[in-house]
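User: I would like to learn how to read contacts and salt bridges in a protein model. Can you take me through one?

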Amino acid sequence: MPTSGSRSRRIQGVALLLGAALLGAAEAASGVRLRERCASRQPLRTPFFGDTHVHTAFSQDASTQGTRNTPRDAYAFARGEPLGIQPYAEGGRALRTLRLERPLDFAVVTDHAEQLGEVAICTTPGAPGHGSLVCRLYRAWPRLAFFVMNMRATYWEEPTRFDFCGPDGVHCLEAARGPWQEIQAAAEAHYDRSSACSFTTFVGYEWTGATGSKNLHRNVVFSGDAVPELPASYFEASSPEALWDRLERDCIDGLPGCDAVVIPHNSNLSGGLMFESGDVGRAEAERRARLEPLVEVMQHKGDSECRLDPVGEDELCAFEKLPYDDFQGKYVPWLADEPGAGSFVRDGLARGLLAERRGGGNPFRFGLLASSDTHLAAPGYVDERQHPGHGGAGSPADTELPEGLPDDLEFNPGGLAVLWAEENSRESLFAAMQRREAYGTSGTRLVVRFFGGWELDPALCEGGDLVATGYAEGVPMGGVLPAGTGGAPRFALRALRDPGGEATPGTPLQRLQIVKGWVEGDATRERVYDVAGDPENGADVDLATCTPRGAGFDTLCRVWQDPDFDPSAPAFYYARVLENPTCRWSAHLCLRAGVDCEQPETVGAGFEPCCAEEHRRTIQERAWTSPIWYSP
Amino acid sequence: MSFGLRIALLGAALFVLDRQLDPAPTAPAPRVSAARLDAERAGFVATRGREPDAAERRALAERALDDELLFREAVARGYHRTDPLVRRRLARNLRFLRGAPDGAGDEAALHREALALGMHASDLVVRRRLVQKLELALAAAARRPEPSAAELSAHHAAHATRWEEPGRVVLDQVFLSRTLRGGAAAAAAHALAARLRGGEPGAEALGDPLPFAAATSWAHADLARYLGDAFASAVLALPVGEWSAPLVSSQGLHLVRVRERRAGGPLPLARARSAVREDLLAARGREARRVFLEALRRRHGLGRVGDPS
């Protein structure tokens with residue numbers, strides 16, 4: 001007669017066998033790999049911090065400036081492991097080491113699809129094309145190759161591959177399979193499928209389309225491990241529309257278990273093309289809004305929130321602005337144009353409303369997030385106090401550390417993407433991306449909630465359960481208000497300061513703002529409302545030590561009702577959260593180098609930008625929530 | 001059946017199957033040419049910026065030999081005859097050699113002719129395609145059969161530290177907001193701590209609402225996300241069952257009583273099964289490849305690079 005213990009073991013054994021069989025059957029049926037249910041699940045959602053824009057040595061513009069770290073290295077770094085970066089000494093020892101004091105919750109490696117194969121060929125002896133002039137240039141003069149290869153890949157309207165790629169680019173396409181497989185394997189190896197749900201990865205890539213250097217770049221993020229055989233690059237899909245077509249054909253409609261979101265970025269470098277026209281027809285508008293639910297509002301190469309208008313009312317648009325509107329303007333200054341309308345997210349959101357008013361649907365219904373665009377394979381390394389230079393288009397450090405500042409003055413460490421999700425899993429985070437329940441930060445880890453509704457209790461901040469009520473009686477950031485019941489909508493907004501890490505304390509909050517855009521006749525209007533905090537709190541920075549001075553707020557909260565509401569006018573509302581001022585990355589480094597602009601002898605080689613007229617020594621770190629839309 | 005035995009049998013089965021398809025090697029034994037080794041070394045220098053050391057040179061040579069073996073094996077399986085991309089590419093190469101325009105001639109005939117000329121062996125794109133196809137076939141084969149419960153259990157036991165969960169605490173918490181109370185928060189916290197420790201009924205309701213959604217249990221990361229690392233560390237170190245002294249966070253002061261502490265550490269299999277399975281299948285794929293390559297080496301009378309054999 002079996003004992004209860006042996007019976008129990010037998011039952012466990014049967015359960016294990018059954019479980020294993022079910023897992024296998026489920027995988028065979030769906031083609032999708034499974035995971036355990038997360039031990040920690042918050043129905044009211046948690047803010048997960050991550051980086052959706054990360055380049056590694058697989059990207060041509062990273063490898064040509066000395067980056068040797070791979071997608072696996074990038075994910076390990078995001079989880080808190082140390083990362084050696086260029087320059088390297090004899091014997092391959094990295095001369096700099098980075099480590100995140102606070103690891104990320106998720107990350108997406110997004111290497112450029114355009115030259116995955118080209119880089120593989122140029123580093124594989126014997127490969128057809130390895131001995132080509134371009135590949136020899138790549139190995140001998142990587143910085144020159146950076147320009148030559150980028151021009152070829154992303155400058156022309158109908159780009160063609162180098163001759164060494166063979167007819168129809170077949171050599172390069174074939175060579176891209178290896179890195180593409182490794183990108184997938186790295187994402188799989190670092191995705192925590194256990195119930196601990198400690199870290200999430202997504203398979204992704206960057207589509208690097210541009211016309212005449214006007215940036216239409218987009219990151220593609222896949223929902224799971226079912227992904228196309230090869231990423232569709234600008235060579236195969238030479239317009240955003242062609243990219244969406246390919247994703248529909250090769251993923252969403254054509255591959256079971258595959259879904260994708262597309263995230264445009266650096267509209268500030270698009271020369272006005274990113275949000276050129278919203279009038280695309282209702283069906284196309286709906287397709288775009290479905291495929292592109294998010295836009296990157298800020299990253300290493302500048303802020304894309306709003307245009308800096310010297311006579312405008314929103315002076316806070318003067319944040320990490322680039323002085324040119326495309327890459328041609330960076331390298332050929334006399335061709336540089338001032339960034340204009342159509343290059344900024346706020347313009348895009350407004351043009352979307354206008355298209356909606358004209359009856360064509362809104363193709364620019366974007367949620368907001370930010371990311372780093374690191375080219376060091378260092379996701380989330382965005383603290384102003386320790387900026388190493390993120391490479392790419394910035395200052396390279398391939399063979400030796402450049403003297404002075406490690407990055408071009410106009411660039412910055414980049415930002416973070418935050419997703420409100422029930423748990424840290426691919427399904428939950430991807431759903432948050434699709435419903436736009438996201439916000440971006442300029443690097444801080446402040447926490448912000450934003451709900452809109454018609455009947456929200458004005459006293460929610462004084463003790464009501466803001467979050468539960470917000471979900472029950474309204475919509476969260478990224479949502480669309482349901483039909484109104486009369487009166488103006490209310491918005492509940494609460495922000496908590498970044499608590500900081502042990503070595504990197506957070507900064508108090510200064511104020512909350514709500515940015516509204518709406519349609520008036522045939523024009524769009526915008527207004528910024530200060531809704532909580534104190535813009536005149538007197539906080540500043542002691543530039544002699546980079547020490548912040550003055551009080552701020554740990555928490556700010558407000559239920560705000562639109563005083564200018566017009567029920568006939570489509571509108572969007574998003575929140576902007578501002579911290580007290582702190583030193584910019586460049587000011588930290590100038591201070592550490594002992595630069596005193598009054599004493600020219602203290603300005604060492606490479607530190608001349610410290611004393612440039614355009615050097616902004618302080619910044620106000622911030623967050624931007626996804627909008628909430630009103631659609632009459 | 002042990003994992004190792006299963007892999008050995010899988011490798012043997014693949015090998016036997018292969019011998020039936022291609023009973024005896026008639027081609028010369030594979031070898032790595034000096035030119036190939038030079039190319040491998042040059043590739044290493046190009047990507048790593050330095051010369052490979054002795055161990056790395058050996059590894060490069062091993063990889064080159066494996067590559068040659070896999071290529072031959074793919075050819076033995078006939079992949080070069082059936083793969084559509086190889087057919088297209090070889091036909092195109094032959095057209096190019098003859099100066100014929102794209103699309104000219106019958107592709108199947110050109111493909112057969114190119115194979116007869118041995119063009120598949122000299123084209124790196126074709127070689128890579130064939131090797132990759134074989135590797136994908138090996139990897140796919142290694143994912144079947146579905147791992148048994150015993151295999152999962154053994155793999156989990158052997159690598160338990162790969163799947164860990166953090167420690168968690170279940171809390172009672174009374175929060176005194178610095179935002180709402182300003183400088184009075186500290187004094188209020190100390191006064192309230194005494195009332196809580198004295199067991200005063202209703203004292204737990206005298207705090208302020210937390211400005212975020214409370215969890216049923218908290219790991220360090222959950223607390224640190226809103227309230228900071230130092231506060232999270234302090235809470236995780238509290239004894240069970242006692243009200244703490246006021247603890248400072250980025251939001252104010254907290255009086256905390258840990259009701260339950262759940263130790264972290266390796267996860268039981270039931271809560272890591274999917275992760276264990278993926279890890280096991282990946283290991284099985286690597287091991288199947290290794291076993292398969294060893295069988296190929298034995299078949300060709302080859303040892304490891306540098307071995308006298």
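**Reading the contacts**

Analyst: Start with one residue: Asp554(A) has 9% relative accessibility, so it counts as buried. Buried means under 20% relative accessible area, exposed over 50%, and partly exposed in between (1.4 Å probe, protein chains only). This is a predicted model, in which local features need pLDDT of at least 70, side-chain atom pairs count only at pLDDT 80 or more, and totals for chains, interfaces and linings use all residues. Residues are numbered from 1 along each chain as its sequence is written, chains are lettered from A and ligands numbered from 1 in the order in which they are written, and side-chain values use heavy atoms, with hydrogens and water left out.

User: Which residue forms a salt bridge with Asp554(A)?

Analyst: The general idea first. Side chains of opposite charge can pair when their charged atoms come close. The rule for a salt bridge is a side-chain nitrogen of Lys or Arg within 4 Å of a carboxyl oxygen of Asp or Glu. Here the partner is Arg178(B), with the closest N and O atoms 2.8 Å apart. The pair crosses between chains, from helix H10 (residues 178–181) of chain B to the loop between strands S21 (547–549) and S22 (555–561) of chain A. Helices (H or I, at least four residues) and strands (E, at least two) are DSSP runs, numbered from the N terminus. Arg178(B) is partly exposed, because its relative accessibility is 29%.

User: How many salt bridges are there between chain A and chain B?

Analyst: The count is 4. For the wider contact, look for heavy atoms within 4.5 Å. By that test, 59 residues of chain A and 55 residues of chain B take part. Buried area is the accessible area (1.4 Å probe) that two parts lose on being put together, summed over both. For chain A and chain B it is about 4500 Å², with 55% on carbon and sulfur atoms.

User: How do I read the contact between domain 1 and domain 2 of chain A?

Analyst: Take the bounds first; they come from an automatic or database domain assignment. Domain 1 of chain A is 46–441 and domain 2 is 447–630. Their C-alpha centres lie 25 Å apart. In contact are 50 residues of domain 1 and 63 residues of domain 2. Together the two domains of chain A bury about 4700 Å², 58% of it on carbon and sulfur atoms. Leu316(A), Arg385(A) and Leu409(A) supply 15% of the area that domain 1 buries against domain 2, more than any other three residues. The interface of these domains also has 6 salt bridges. Asp314(A) and Arg576(A) meet in a salt bridge at 2.8 Å, N to O.

User: Are Glu248(A) and Arg287(A) buried or exposed?

Analyst: Both are buried. Their side chains meet in a salt bridge at 2.9 Å, N to O. The pair links distant parts of the chain, 39 residues apart: Glu248(A) is in helix H8 (residues 240–252) and Arg287(A) is in helix H9 (residues 282–291) of chain A. Both belong to a salt-bridge network that also includes Glu241(A), Asp245(A), Glu284(A), Arg288(A) and Arg290(A).

User: Where does Asn215(A) lie, and what does it touch?

Analyst: Asn215(A) sits in strand S7 (residues 214–215) of chain A. Asn215(A) counts as buried because its relative accessibility is 1%. Leaving out residues up to four places away in sequence, Asn215(A) touches several residues, among them His265(A), Asn266(A) and Met274(A).
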